[in-house]
Amino acid sequence: MAFAKEYAKSLKKGDVVLLRGEMGAGKTVFVKGLAQGLGIEDEITSPTYAYMNDYDGKLYHYDCYRLRDGAQAEALGLCDYFYADGICVIEWPQNIEDVLPQNCKVVEIRKLDANKREILRE
């Protein structure tokens, strides 16, 4: 969370962050830290069944695990937010990579053991 809170300072409106990592790696925890860094006080929860949670137009948190392709994301209106004034953070971006905008930032979380993670960013 501390890394994500600091990383939030490098983001600007309109950025799209692709969050990669296996199930249980800590992607949603990372988004909680980002939200803190952006001054968002709402409780951050996984949008697994909603596909996307909107936090006051500042942060759009996606979970694309259940999507088959970008066409589904487009049909749900999820792609519209890529060009809004908030920051989009997308878990399981590989499922919709055919509709992702250019110049996305990438953060990968690798689970080393139950309590240790390695975080890489591009």
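Y60 stands opposite C88 in strand β4, and this pair makes a handy way into the model, which is a predicted one. The pairing belongs to β3, residues 59–63, and β4, residues 87–91, which run in the parallel sense and are joined over five bridges. In general, the strands of a sheet pair through backbone hydrogen bonds, and they can do so either parallel or antiparallel.

Zooming out, β3 and β4 are part of an open sheet of six strands, laid out in the order β2-β3-β4-β1-β5-β6. The pairing in this sheet is mixed. At its edges stand β2 (52–55) and β6 (116–121); each has a single partner strand, so one side of each is left without a neighbour in the sheet.

E108 has L120 of β6 as its bridge partner. The two strands make a hairpin, and two residues sit between them.

As for the chain as a whole, it holds three helices and six strands. Read from the N terminus on, these elements come in the order α-β-α-β-β-α-β-β-β. The C-alpha trace spans about 40 × 30 × 25 Å along its principal axes. A compact globule of 122 residues would have a radius of gyration near 14 Å, and the chain has 13 Å, so the two agree. Of those 122 residues, 43% count as buried. The chain exposes about 6800 Å², and 44% of that comes from carbon and sulfur atoms. Contacts also reach across the sequence: among those between residues at least 6 apart, 60% join residues at least 24 apart.

What lies across the strands? Helix α2, residues 27–37, lies across β1 (16–20), β3, β4, β5 (105–113) and β6. Relative to β4, helix α2 runs at about 165°. Its buried residues are K27, T28, F30, V31, G33, L34 and A35. These pack against β1, β3, β4, β5 and β6, and also against another helix, α1 (2–7). After α2 comes G39, with a positive phi near 80°.

Positive phi values turn up at two other spots worth a look. Most residues other than glycine have a negative phi. Y51 is not a glycine, yet its phi is positive, at about 75°. This tyrosine is found in the loop between α2 and β2. With a relative accessibility of 18%, Y51 counts as buried, because the cut-off for buried is under 20%. The other case is W92, again a residue other than glycine, with a positive phi near 60°. W92 lies in the loop between β4 and β5. Its relative accessible area is 13%, so W92 is buried.

The loop between α2 and β2 also holds S46. Is S46 buried or partly exposed? Its relative accessibility is 37%, so S46 counts as partly exposed. Leaving aside residues up to four places away in sequence, S46 touches T28, N53, H61 and D63. One of these, T28, is among the buried residues of α2. The side chain of S46 also takes part in polar contacts. One joins S46 to the side chain of T48 at 2.8 Å, and another joins S46 to the side chain of D63 at 3.5 Å. For a sense of distance, S46 and G86 are 40 residues apart in sequence, and their C-alpha atoms are 18 Å apart in space.

Notes: Residues numbered from 1 in each chain as written. Predicted model: local features only at pLDDT ≥ 70, side-chain atom pairs only at ≥ 80, totals over all residues. Heavy atoms only, no water. Pairing = 2+ DSSP bridges. Helix = DSSP H or I, 4+ residues; strand = E, 2+ residues; numbered from the N terminus. Contact = heavy atoms within 4.5 Å. Axes fitted to C-alpha atoms, helices over the stretch in contact; angles between N-to-C directions. Rg over C-alpha atoms; globule rule 2.2 N^0.38 Å. Buried < 20%, exposed > 50% of the residue type's maximum accessible area, 1.4 Å probe, protein only. Areas by Shrake-Rupley, 256 points an atom, 1.4 Å probe, with all protein chains shown as cover. Polar contact = N/O pair within 3.5 Å; in protein donor to acceptor, adjacent residues only side chain to side chain.
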